[in-house]
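Dear colleague,

I am passing on the structure we discussed, and I would be glad if you looked through it alongside the notes below. They follow the helices, then the strands, and then the cores.

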Amino acid sequence: MLEIKNGILSGVEYPATSADINFSVDAGEMLCIYATHDEYVTAIIRSILGLQPLKSGFVTVGGDVVDASSAAYFRNMFSYVPHHLDMPLDKMSDVLSYSFEKENYVTKKMLKEELNRFGIDGALLDSDYNKLPKHIVQLVLIIVAVLTDRPYLIIDKLYSDISASLLMPYLKDYASEKHSVIIVSDDEDIRRACNKSLILDINA
């Protein structure tokens, strides 16, 4: 289980009336961080990954506190899909070169098979990375993360062009295999499809 308890984010300003952040995500569950300002979303994700300590409160994974000494160990349990991948790629398939997972190495063939489930021709993996729509790039990264098979998956600011009716059943299947999924989205269909949602009422 991933949990933030009595959390106050560092690096952002809070109104005096704002409540602490409290949420948990168990294996098999999906959480939507919904309609939240980018700076707070970034701070939450960085806190979960142990890259930005909370001002107060704590983050735990499996009941163990994530701190400066343990953060690197716990980060190996997470796959993170950014809103936009800023890396020097030539072809879309080059993303596989950045996979450091030795036990669950993702091949081009595996990726093509998964893309077929979304009705997407695997030939796009040979397309120029910079010419692909950004939502397609993010979808490919989500599939790579699922195939990597780590316990926790974070999807940062999901593109609205990605169909919830196709993506959410796919992620539900993934979560059902004892994974936890966190999705940042302002799409009401995405929020309803998740087991839990976190709506930060922060009006600075």
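On one side of H5, Ser165 and Ser176 are exposed, where exposed means over 50% relative accessible area, buried under 20%, and partly exposed in between, with a 1.4 Å probe and protein chains only. Please bear in mind that this is a predicted model, in which local features need pLDDT of at least 70 and side-chain atom pairs count only at pLDDT 80 or more, while totals for chains, interfaces and linings use all residues. Residues are numbered from 1 along each chain as its sequence is written, and side-chain values use heavy atoms, with hydrogens and water left out.

The buried residues of H5 are Ala164, Leu167, Met168, Tyr170, Leu171, Tyr174 and Ala175. Seen down the axis of H5, these fall within an arc of 160 degrees, so they line one face of the helix; the arc is that of the directions from the helix axis to the C-beta atoms. They pack against E3, H3, H4, E7, E8 and H6, with contact meaning heavy atoms within 4.5 Å. The 13 residues of H5 should span 18 Å at 1.5 Å a residue, and the end C-alpha atoms are 17 Å apart, which agrees; the expected span is 1.5 Å times one less than the number of residues. Just after H5, lysine 178 takes a positive phi of about 70 degrees.

**Helix H3**

In H3, the residues Leu111, Glu114 and Leu115 are buried, and they cover an arc of only 105 degrees around the axis, which puts them on the same side of H3. The face turned away from that buried side carries the exposed residues Lys109 and Asn116. H4 and H5 are among what covers the buried residues of H3, and the helix is followed by glycine 119, whose phi is positive, near 70 degrees.

**Strands**

E7 pairs in the parallel sense with strand E6 (residues 78–81) over four bridges, and with E8, also in the parallel sense, over four bridges; two strands pair if DSSP finds at least two bridges between them. Tyrosine 80 stands opposite isoleucine 154 in E7, whereas tyrosine 152 has serine 180 in E8 as its bridge partner. From E7 the chain crosses through H5 to E8, and this β-α-β crossover is right-handed, that is, with the strands pointing away from the viewer, the path from the first strand over the helix to the second runs clockwise. Tyr152 and Ile154 point one way from E7, Leu153 and Ile155 point the other way, and all are buried.

Elsewhere, four strands form an open sheet in the order E2-E1-E4-E5, with antiparallel pairing. Its edge strands, each pairing on one side only, are E2 (21–25) and E5 (64–65).

**Nonpolar cores**

A nonpolar core is a set of buried Ala, Val, Leu, Ile, Met, Phe, Trp, Tyr and Cys residues joined through side-chain atoms within 4.5 Å. Of the 46 residues in the largest one, Met92, Val140, Ile142, Leu153, Met168, Leu171 and Ile183 touch the most other members. H4 gives the most to this core, with 11 residues. A second, separate core of 29 residues includes Phe23, Ile45, Leu49 and Ile154.

With best regards

Definitions and conventions: Helices (H or I, at least four residues) and strands (E, at least two) are DSSP runs, numbered from the N terminus.
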